Amino acid sequence: MAERKVTVEAEVGLHARPAATFVQAAAKADIDVTVAKQGGQPVNAKSILMVMGLDVRQGETIVIRAEGEGAEELLDELAAIASAP
């Protein structure tokens, strides 16, 4: 299981366009991917409703986990999306 801790930098947090881009990137992978607020329960990163339901705000840390072939590369991509200003 691969994991990344990322601070969300976008003014809108992990909502709107950043959330949609994040979910689209996660959904294209044929592996399990979860995201959670640090210390919170993980949710399916491929579901826009689940990701938006986390209500992640600017400056909060999220934990992204993936397991399977290509997990490291996918987590790098998702971390870049989540940490973009």
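Let's start with helix 1, residues 16–27: its 12 residues reach 17 Å from first C-alpha to last, close to the expected 16 Å (that is, 1.5 Å times one less than the number of residues). Helices here are DSSP runs of H or I with at least four residues, strands are runs of E with at least two, and both are numbered from the N terminus. Keep in mind that this is a predicted model, where local features need pLDDT of at least 70, side-chain atom pairs count only at pLDDT 80 or more, and totals for chains, interfaces and linings use all residues. Residues are numbered from 1 along each chain as its sequence is written, and side-chain values use heavy atoms, leaving out hydrogens and water.

Which residues of helix 1 are buried? They are P18, A19, F22, V23, A25 and A26, where buried means under 20% relative accessible area, exposed over 50% and partly exposed in between, with a 1.4 Å probe and protein chains only.

Now step back to H15, in the loop between strand 1 (2–7) and helix 1. H15 is buried, at 16% relative accessible area. Leaving aside residues up to four places away in sequence, H15 touches M52, D55 and V56. The side chains of H15 and D55 make a polar contact at 3.0 Å (a pair of N or O atoms within 3.5 Å; within protein, one must be able to donate a hydrogen and the other to accept it, and residues adjacent in sequence count only if both atoms are side-chain atoms). A polar atom of the H15 side chain also lies 2.8 Å from the backbone oxygen of V12.

Definitions and conventions
Contact = heavy atoms within 4.5 Å.
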